[in-house]
Amino acid sequence: MAEECVPEDLDLKEMGEEELWELINDNRHRISLGVRPCILIPYLRQARVLNEMDEDEILSCHNLTNRCMRTSHMLDLLRTQGKNGGMALLESLMIHYPALYTQVTGRKPSTEPSRFSGLIKYSELTEYLVRAVTGMQKELQEARNEASKLRAHCASLEADISQMMEQEMKSRTLRTDNERIQRHLCSLQREVTKLKDEKCDLYIRYTAAIEEKSAVNGRLHELNLQVYQLQTELQNAQAENEFQRQQSLKSVCPESPQLQDEARQDILAQDLAEAIDSQVELAEQLRSYREENEQLLRDKKKLLDQNESLSLQVQQLTQDCKMQQQKSAVIQNQMKALQAERDQAYQSRDEAQAMIARVLAEKDTLRCQLVELQEKVFSLQNKRSSTELHQSSEETEGSWDSLSSSSDECPVSSRRRLCRMDAINPSMVSCNSECEDGATCSMRSRNAEPPSPDSLRRRKEILYAESSSEAAETDSLLDDFVLLPSVVNESMQTFRLSSHRRSSSHSIVVLSRSSVPPFLMRSRPKAIRVSGRVLSISFQGEALLSQLAVVGGNKTGVFVHQVTEGSAAHTVGISPGAQIVEVKYEKNQKALRMVLEDSTLEEAMWALGQVAGICHLSLRPRQDDYEALLQQLQSSETSSGDSFYVRVNMSLPAGPGGTLAVSCNDILHVTNTRPAGTEDSWHASHVHPCQQLDLQSGTVPNYYRAQRLLIRAIEDMSFEAKKSEKGERVMTQKTVRIVSTGRQGRNPLWVSVEEEKSASAESDATSAPKSCVTLMPYTLVTPRYPPVCRPVLLLPSVLGRILDKKLASWQGFQLCEPEVLSSSEHAAQLQRSEILEEVEQGGSRCYTLQSVEKVMKKGIHCVLPLGLDCVRRLQRSEIFPIIIFIGQSARSARKLRSKLHRHSQTEEQLLACSRSEEPLLDKLPCLYHSVDPESWCDQTSLLTSLRTIIWEEQKKIVWVEPDLW
């Protein structure tokens, strides 16, 4: 169509304005679909057919929601420029979209100067073309680099896939073996069941045989009685027959002897027949009795055989029963011993807590006195400096009068110094703090401001002064021990006085490289506690680390590894494989006690290095665990027995020697607190965000060196912020996270401060501060794995109220609805901390934990129209919301102007809400996700990116740190 509209011999420069724009409008749809305005605008700006306002309107107008609308609006603006606008558009298409230019004009693109209209000078055109070609070459090179990276990534993915396939084959083999073993186990269980059933049948048969035997014995006894009775009757019958025969013989007459003989023969024949008959009967009875007796004997023999087999089984079962009884008795004895140990441990814990409370109370009293003395010293120093300046001004010439007056008015630099170690809580500062001197303000301020040149010079001298650092180390280490009550007052006073002397001389506390390691307050994961006999050994422990070497850490426990022959430790019988549970010793007339059962290797080596004189070691034999640890160390499965996770509160660049580059809010897995060859570094690894796997590993500064780097970074940031001019706030990557702790809570890595439970009645509550603050470069974290969809909280809250309903309308999301509570229910849930937020102050409609859990049980995300205050209440109930903070700038606020006006909000209110809520995010005990204000252009793209972020955050591990306050 373009070839029919424009003849080949007709030049575009000879066409009129209407013909030219008619040609463009005929292909308007094609141009709108295939052109990106941001690519053509630089040439159109160079041709002076568009200005800066037009460019901003095309690219940033909220009404233009897609690329086609922006391109159409650009064509409308060019139409107002007449023929120049059309020629400039076609020339830009010829440069950047040659195929589209051919489709529109029917001509082949050419970069000859004669083909251009002359809107741009030849030199400017050449420069633009060179820049365009250079840009295209860069894009091509970037595309090639990206393709090479993708190929390398594909190769690595293929290698990973092959490894995963191998692992899958291995796992399949293991599953097959497991199923086979399970089948075999099931068959064995069935056989055992059959044997048990047969055993029960044997018991039943044995019982029946015994009963039958008793019945047979009874029957045999009865038969014997009957035989005896028959024999008795036979004898009686014979005796009676004999008597009758004699009587009959007597009654026969003597005159007839022949008759007597015949009668006698008849009687004898009759008696013989009767005797024969009775004898036959008796023989028959005896024969039957003998047969019955033989059968009974055979049955008796069978029963005896069964009785023997059953007796053997009974004996075996009796032995098994006795063994089970012995095992149960041993287990009960162990349970009793464990209960006794537990009761003793509880009692010891209560005593230790009471002692610690007393020590902390006295410690806080001495600290308050120290602050008072420091304030007095500062005031005296100010007076002395003003007096010296006044005296020097009287001796100088008259030209220095103005200088001396200014010195009298401001004797000390008004710049505040950044406190390196402890800072007093600003809430305790009196109202007239503006009139105090600069040194006092330096201690009481939370704001990091640049120090004066004199302060920098003094700080630099102190930083590199080894003698002062060692003195600071020696005095500060005493605060990390649990002092025994007998000497606690004296030790605390000695330490506080030494700290006061250092504060008076330098006014800045500098942490030395070998300062006290943080280990008395053990809130890391506990070491594996194995019940066993604990041995206490006393010996001369001078230079204890030269007598024995230790291995292990907080995960496995600290073990004796090597013992020097001929040393005192070797003499008393200490051998490798014993776990060091506790060490006690005296130093400077102070009784010190250190529990090393769950300490890191760094902490244990420091504590053992402080032993001087007689020491008492508590050892627990754990040879099997020690050998398992040695095997892991030799096979390089682990480098030590340490294992804990920390959240980094500052950014550190990569350095030489394998130093790991970390960013603020990164999670590190610390696996060795004393790597070989370094004393102020830890060995750590990055952690996979979705799985608890170690990624890139290296060394990072230990706690105290990182604390010095953190303080130096804060000083540099404050100094640069003071020098830079005020301008529009720009979102940059966070480099420092200010985290501090005080005695209200406890620091996982620092133990010198803890909450004061009972204030001293003698101390002055108005003048003494009640809390101290310590900056923390690392904070301990623990992993949590939420099983269901996590709630979603959008910040700032002004923008969150606008986006909540839009987000809840999507599939998989539901808005949290408030519940109407009665006064009794409101009071009960308020007491249980189940009310997250009230819709109206004092009203009955409230957002509760039950409403959030009800949505989560459906397996969808609950959108929370709440503020930051609900996060801690949710975490107490093991609910971890996805927190997304949408960064705001003046330009991003303009993109949401119409949405804000619909909800009766303004851009200034959105920016103020963002500035007020952003600092509060660092105080949350969990991670959050920040959205850059330049990463989205309108509400639709913002919601799409939010949905992607929620999907990614749901897969991640939730890392929670303890509440430090």
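In the predicted model, Phe644, Trp682 and Tyr778 come together as one aromatic cluster. Five aromatic pairs are found in the structure. In one of these, the ring centres of Phe559 and Tyr626 lie 6.0 Å apart and the ring planes meet at 45°, so the pair is classed as tilted, an angle that falls between the limits of 30 degrees for stacked and 60 degrees for edge-to-face arrangements.

Lys895 is placed over the face of Trp936, at 5.3 Å from the ring centre, while Lys955 is placed over the face of Trp951, at 4.0 Å from the ring centre.

On the surface, a nonpolar patch is formed by Leu157, Ile161 and Met165, which together present about 280 Å² of accessible area. Of these residues, Met165 is located in helix α9, which spans residues 122–251. The relative accessible area of Met165 is 51%, and the residue is therefore classed as exposed, the cut-off for this class being over 50%.

Notes: Residues are numbered from 1 along each chain as its sequence is written. This is a predicted model: local features need pLDDT of at least 70, side-chain atom pairs count only at pLDDT 80 or more; totals for chains, interfaces and linings use all residues. Side-chain values use heavy atoms; hydrogens and water are left out. Patches are made of residues with over 30% relative accessible area and no salt bridge: like charges are joined within 9 Å, nonpolar side chains (Val, Leu, Ile, Met, Phe, Trp, Tyr) within 5 Å. Accessible areas come from the Shrake-Rupley method with a 1.4 Å probe; for residues, only the protein chains shown count as cover. A salt bridge is a side-chain nitrogen of Lys or Arg within 4 Å of a carboxyl oxygen of Asp or Glu. Helices (H or I, at least four residues) and strands (E, at least two) are DSSP runs, numbered from the N terminus. Buried means under 20% relative accessible area, exposed over 50%, partly exposed in between (1.4 Å probe, protein chains only). Rings of Phe, Tyr and Trp (its six-membered ring) pair if their centres lie within 6.5 Å; planes under 30 degrees apart count as stacked, over 60 as edge-to-face and the rest as tilted. A charge sits over a ring if NZ of Lys or CZ of Arg is within 6 Å of the ring centre and within 35 degrees of the ring normal.
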